[in-house]
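I opened my notebook for this one with a simple plan: look at the overall fold, then at the charged pairs. Here is what I looked up.

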Amino acid sequence: MKAADLNFNLVDAYFRLLENLSPGNKLELITKLSESLKGPQKSTEESIAHLYGSFKSSKTAEEIINDLNSSRNFTRTPPEL
């Protein structure tokens, strides 16, 4: 499925969901959507860039892995055969 098809299906699904709204509610929704387009647009690259380096630790990767493995608690016991 192409991205354009997915976007069309998404818009069509939203329209079916909203088609039973009253005319006043539809106008209010149009106003809010129009206002949202007037604001500054964020680029996807900028949104993802702030995640880089967000986790900081003085521990090495091996120490973190060991901590995660040692903190696991398995309470399930395998059934006897």
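Before anything else I wrote down the cut-offs: buried means under 20% relative accessible area, exposed over 50%, and partly exposed in between. I also noted that this is a predicted model.

Entry on Lys59 and Asp67. I found their side chains joined in a salt bridge, with N to O at 2.4 Å. Lys59 has 41% relative accessibility, so I put it down as partly exposed. Asp67, at 35%, counts as partly exposed too.

Entry on the fold. I counted four helices and zero strands, and along the sequence I read the pattern α-α-α-α. How much of the protein do buried residues make up? I got 0% of the 81 residues. The accessible surface came to about 8400 Å², with 60% of it belonging to carbon and sulfur atoms.

Entry on the salt bridges. My search of the whole structure gave four. One of them links Arg16 with Asp12, whose closest N and O atoms are 2.6 Å apart. Both residues sit in helix H1 (residues 3–18), four residues apart, about one turn of the helix. Arg16 is partly exposed at 48%, and Asp12 is partly exposed at 30%.

I then turned to helix H2, where Glu28 and Lys32 are also four residues apart. Their side chains meet in a salt bridge at 3.7 Å, N to O. Glu28 is partly exposed at 42%, whereas Lys32 reaches 53% and therefore counts as exposed.

Last entry, Ser36. I located this residue in helix H2 (residues 23–38). What does the side chain of Ser36 reach? I found the backbone oxygen of Leu33, at 2.6 Å. Ser36 itself is partly exposed at 47%.

Technical notes: Residues numbered from 1 in each chain as written. Predicted model: local features only at pLDDT ≥ 70, side-chain atom pairs only at ≥ 80, totals over all residues. Heavy atoms only, no water. Helix = DSSP H or I, 4+ residues; strand = E, 2+ residues; numbered from the N terminus. Buried < 20%, exposed > 50% of the residue type's maximum accessible area, 1.4 Å probe, protein only. Areas by Shrake-Rupley, 256 points an atom, 1.4 Å probe, with all protein chains shown as cover. Polar contact = N/O pair within 3.5 Å; in protein donor to acceptor, adjacent residues only side chain to side chain.
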